[in-house]
Amino acid sequence: MTEKVKPIRRVVTGNDERGRSRVLFDSAAPNVNPGAIRPGTCMTDLWVYQSCPAVISSDRDDGRLPFSFEPPAHGGHLRIVQSPPKPKDYDPSRDPTAIPLHEPRQRHGGTWDRGGANAYSSPVHKSETVDYGILLEGERVMKPGDVVVQLGNWHGWTNPRDGSLMAFVMMGAKFNDEC
């Protein structure tokens, strides 16, 4: 990444053996994935749940599960995405990360991809998910505190001025009514 990865503090609370509230984990989130999908972008998974209703007992750390862009089909995850700004004096002809728009292709894991990525933009993509995206820092068409709900639609994210930090809750879903 051209920008330093911002550590995300994760405080996970639960109950002790007598039912009293307690802190289970309080540290920088351990599941940090710089460049997992695109050069320059970092995805930090804070928590993953395999199914709904989620299991909420025990001391296991479901923030340390292997990285997958897509959430579990019957569960979901909470992820913070750190994306870079448009580089100063950006020249698209010199961008080794640029991928032009192309016909839709399905990635391993199920997400559909149409390209269109560059040094400061994600590819245009869609997945069988319901996504809640909350802008924490930076500016897109959104301002900090704004929330987007994505229902399996084509979308891409770009940072034309500043880098950004967004929280995404992604939950498994279906494109049709066969749930």
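Which residue in β2 is the bridge partner of Arg9? The close-ups below come from a predicted model.

**View 1. The hairpin of β1 and β2.** Ala28 is the residue in β2 that bridges to Arg9. Strand β1 covers residues 9-15, and strand β2 covers residues 21-28. The two strands pair in the antiparallel sense. Seven bridges join them. Five residues lie between the strands of this hairpin. Gly19 takes a positive phi there, near 85°.

**View 2. An open sheet of three strands.** The strand order is β6-β7-β8, and the pairing is antiparallel. Strands β6 (105-106) and β8 (125-126) form the edges, each pairing on one side only.

**View 3. Pairing of β6 with β7.** Strand β7 spans residues 112-113. It runs antiparallel to β6, with two bridges joining the pair. Look for Gln106 here: its bridge partner in β7 is Trp112.

**View 4. A nonpolar patch on the surface.** Four side chains make up this view: Tyr132, Val147, Val149 and Leu151. Together they have about 390 Å² of accessible area. Strand β10 (residues 147-151) gives the largest share of the patch, with three residues. In a regular strand, side chains alternate between the two faces of the sheet.

**View 5. Val147 in strand β10.** Val147 belongs to the nonpolar patch together with Tyr132, Val149 and Leu151.

How values were computed: Residues are numbered from 1 along each chain as its sequence is written. This is a predicted model: local features need pLDDT of at least 70, side-chain atom pairs count only at pLDDT 80 or more; totals for chains, interfaces and linings use all residues. Side-chain values use heavy atoms; hydrogens and water are left out. Patches are made of residues with over 30% relative accessible area and no salt bridge: like charges are joined within 9 Å, nonpolar side chains (Val, Leu, Ile, Met, Phe, Trp, Tyr) within 5 Å. Accessible areas come from the Shrake-Rupley method with a 1.4 Å probe; for residues, only the protein chains shown count as cover. Helices (H or I, at least four residues) and strands (E, at least two) are DSSP runs, numbered from the N terminus. Two strands pair if DSSP finds at least two bridges between them.
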